[in-house]
Amino acid sequence: MYEYELEYEDKELKKVGLELMFMTPEKCGNAGGITSVELAKLVDLPLETVKKKLNILKDAGIVRVKGINPKFWKFDEYNFQRMDEHDEIFRLLCSFDDVDFDRYFQY
């Protein structure tokens, strides 16, 4: 299990997590997922920050990684739905108060 406790709302982790959560195959250049470089450009965060956040999400079991160079990251919906509702990361990704869904969907 992972050791991660949120003392504050980690906006960067939320940004990375939600981007992966709402990632569609059309947004990915590869069917296996998205690279950390592509994701860093999408969320407008430094690459090292994105890599740290991806590892936190991987340790929580809600993102999968395939490949070695490059690594392709993909959200694991099945594991996310099985998370404890009191889990800090689960609660962070489910708080939609300040989320602009227009970023993820085109109507």
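Student: How many residues does helix α3 have, and how far does it reach from its first C-alpha to its last?
Tutor: Helix α3 covers residues 47-60, so to speak 14 residues, and reaches 20 Å, close to the 20 Å expected at 1.5 Å a residue. The expected span is 1.5 Å times one less than the number of residues. Helices here are DSSP runs of H or I with at least four residues, strands are runs of E with at least two, and both are numbered from the N terminus.

Student: Okay, and what kind of model is this?
Tutor: This is a predicted model, where local features need pLDDT of at least 70 and side-chain atom pairs count only at pLDDT 80 or more, while totals for chains, interfaces and linings use all residues. Residues are numbered from 1 along each chain as its sequence is written, and side-chain values use heavy atoms, with hydrogens and water left out.

Student: Back to the helix. Which residues of α3 are buried?
Tutor: T49, V50, K53, L54, I56, L57 and A60. Buried means under 20% relative accessible area, exposed means over 50%, and partly exposed is in between, with a 1.4 Å probe and protein chains only.

Student: Where do they sit around the axis of α3?
Tutor: They're on the same side of α3, because they cover an arc of only 160° around its axis. That arc is taken from the directions from the helix axis to the C-beta atoms. An α-helix has 3.6 residues a turn, so residues three or four places apart point the same way.

Student: What do the buried residues of α3 pack against?
Tutor: Their partners are α1 (11-21), α2 (36-43), β1 (63-66), β2 (72-75) and α5 (88-94). Contact means heavy atoms within 4.5 Å.

Student: And what comes just after α3?
Tutor: G61, with a positive phi of about 85°.

Student: Let me zoom out. What's the pattern along the sequence?
Tutor: Reading along, you get α-α-α-β-β-α-α. That comes to five helices and two strands. The protein has 107 residues, and 42% of them count as buried.

Student: Now α1. Is it enclosed or open?
Tutor: Eight of the 11 residues of α1 are buried, so α1 is largely enclosed by the rest of the structure. The buried ones are L13, K14, V16, G17, L18, E19, L20 and M21. They pack against α2, α3, β1, β2, α4 (77-81) and α5.

Student: How do α1 and α3 cross?
Tutor: Their axes come within 9 Å and cross at roughly 70°. The axes are lines fitted to C-alpha atoms, for helices over the stretch in contact, and angles run from 0 to 180 degrees between N-to-C directions. α1 and α3 are therefore roughly perpendicular to each other. For the labels, under 35 degrees is roughly parallel, over 145 roughly antiparallel, 65 to 115 roughly perpendicular, and the rest oblique.

Student: Which residues meet there?
Tutor: From α1 there are E12, L13, V16, G17 and L20, and they meet T49, V50, K53, L54, I56 and L57 of α3. This contact has seven nonpolar, two polar and two charged residues. Ala, Val, Leu, Ile, Met, Phe, Trp, Tyr, Cys and Pro count as nonpolar, Asp, Glu, Lys and Arg as charged, and the others, Gly among them, as polar.

Student: What about α1 and α2, how do they cross?
Tutor: The axes of α1 and α2 come within 10 Å and cross at roughly 110°. On the α1 side the contact uses K15, V16, E19 and L20, and on the α2 side L39, L42 and V43.

Student: Which residues of α2 are buried?
Tutor: S36, L39, A40 and V43. Seen down the axis of α2, they fall within an arc of 105°, so they line one face of the helix.

Student: New topic: where is D44?
Tutor: D44 is in the loop between α2 and α3. It isn't a glycine, yet D44 has a positive phi of about 55°. D44 is also exposed, at a relative accessible area of 65%.

Student: Which peptide bond is cis?
Tutor: The bond from N69 to P70, with omega near 5°. P70 lies in the loop between β1 and β2.

Student: Last one: what does R103 touch?
Tutor: Leaving out residues up to four places away in sequence, R103 touches E19, K27, L42 and V43. R103 and E19 are 84 residues apart along the chain, with their C-alpha atoms separated by 9.0 Å.
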